[in-house]
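Hello,

I am handing over the structure we talked about. Please have a look at it, then read the notes below.

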Amino acid sequence: MIAGAETGPRTPGAVEARVARALLLTRPFVHLHPWEPHFLTLDEGALHYLDEGPAGAEPILCLHGNPTWCFAWRALVEDLAGRYRVVAPDHLGCGLSDKPGGARYDLAAHVDRLDRLVQSLDL
């Protein structure tokens, strides 16, 4: 999502709209970031993540620093996704995740959201 964008509604089709917007935003460099976007909808906003590789494979969780996004892991995702399940989220406020003005962006909040992602993906 674009910096400063409002968090979208939690209605049917909202996630599909986010995916369409993410694909549109990544189009100029799709050859460098060819993966389908995924989103976990949280109360604070939608958390974008990549989930590549065999579903039953051993997972590798790639976490970016600040300020960056999952794009930083593109070469690793490409190299490892044939053997491992590689999950690379964008922290809330970064990359293709929502950037709500009222959200907390401290370490504890990022850890909590990451825990919810790990639980939802059964990693």
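Start with Phe 71. Phe 71 counts as buried, at 16% relative accessibility. Buried means under 20% relative accessible area, exposed over 50%, and partly exposed in between, with a 1.4 Å probe and protein chains only.

A word on the source. This is a predicted model, in which local features need pLDDT of at least 70, side-chain atom pairs count only at pLDDT 80 or more, and totals for chains, interfaces and linings use all residues. Residues are numbered from 1 along each chain as its sequence is written, and side-chain values use heavy atoms, with hydrogens and water left out.

Now the rings. Rings of Phe, Tyr and Trp (its six-membered ring) pair if their centres lie within 6.5 Å; planes under 30 degrees apart count as stacked, over 60 as edge-to-face and the rest as tilted. The count by this rule is one aromatic pair. Trp 69 and Phe 71 form that pair, and it is stacked: 5.3 Å centre to centre, with 15° between the planes.

Next, the cysteines. A disulfide is a pair of cysteine sulfur atoms within 2.5 Å. The whole structure was searched, and zero disulfides were found. Take Cys 62: its closest cysteine sulfur is in Cys 70, at 9.5 Å, so the two are too far apart for a bond. Cys 62 is buried, at 3% relative accessibility. Cys 94 is buried too, at 10%.

Last, Leu 50. Its relative accessible area is 1%, so Leu 50 is buried. Leu 50 and Val 87 are 37 residues apart in sequence, yet 5.3 Å apart in space, C-alpha to C-alpha.

Best wishes
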